[in-house]
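Hello,

Here is the structure I promised to pass on. Please have a look at it first, and my notes follow below.

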Amino acid sequence: MPFVRIDLLKGKSEQYRAQVGDILYQTLVDVLNVPEHDRFQVITEHTKASLPFDREYLGIHRSDDCIFFQITLNSGRS
C-alpha cells in the first residue's frame, strides 16, 4: 500500500488537485503495478512561507506550480 503526500502552494482548484492525484495514482499503477483501488493520498496546500524551495537549484527554474510528492512504500517492492 503506497501512501502518498502531495504538497503544493495554495490557490489551485479542487479539480486541479484531483487531477494531480489521479495522474500520480495512474503512474503508480503503470510503473509499480499497484493494485486497483490501492489509493491513499493526502493533498495539502501551503502558503509560500510554509513551502520554501529554491526556485533556481541546479539551474532549473521552479515556478509556483512546483509540486512535492512523497511516496512511502512497504519493504519488499522491487
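Let me begin with a pair of side chains: H46 and D7 are joined through theirs by a polar contact of 2.7 Å. By that term I mean a pair of N or O atoms within 3.5 Å; within protein, one must be able to donate a hydrogen and the other to accept it, and residues adjacent in sequence count only if both atoms are side-chain atoms.

Before I go on, please note that this is a predicted model, where local features need pLDDT of at least 70 and side-chain atom pairs count only at pLDDT 80 or more, while totals for chains, interfaces and linings use all residues. Residues are numbered from 1 along each chain as its sequence is written, and side-chain values use heavy atoms, with hydrogens and water left out.

Back to the pair. H46 is found in strand β2, and D7 lies in strand β1, residues 3-9. (Strands are DSSP runs of E with at least two residues, helices are runs of H or I with at least four residues, and both are numbered from the N terminus.) H46 counts as buried because its relative accessibility is 17%, and D7 counts as buried at 10%. The cut-offs are under 20% relative accessible area for buried, over 50% for exposed, and partly exposed in between, with a 1.4 Å probe and protein chains only.

The side chain of D7 also has a polar contact with that of R5, at 3.4 Å. Contact in general means heavy atoms within 4.5 Å. Leaving aside neighbours within four places in sequence, D7 is in contact with T44, H46, L51, C66, I67 and F68.

Now to the loops. Which backbone angle of N33 is near 55 degrees? Phi is, a positive value in a residue other than glycine. Most residues other than glycine have a negative phi. N33 is found in the loop between α1 (14-32) and β2 (40-46), and it is exposed, with a relative accessible area of 63%.

L58 is not a glycine either, and has a positive phi of about 55 degrees. L58 is in the loop between β2 and β3 (67-72) and counts as exposed at 65% relative accessible area.

S63 is also placed in the loop between β2 and β3. With a relative accessible area of 30%, S63 is partly exposed. Neighbours within four places in sequence aside, S63 is in contact with F53 and R55. The C-alpha atoms of S63 and F53 are separated by 9.9 Å, and these residues are 10 apart along the chain.

Best wishes
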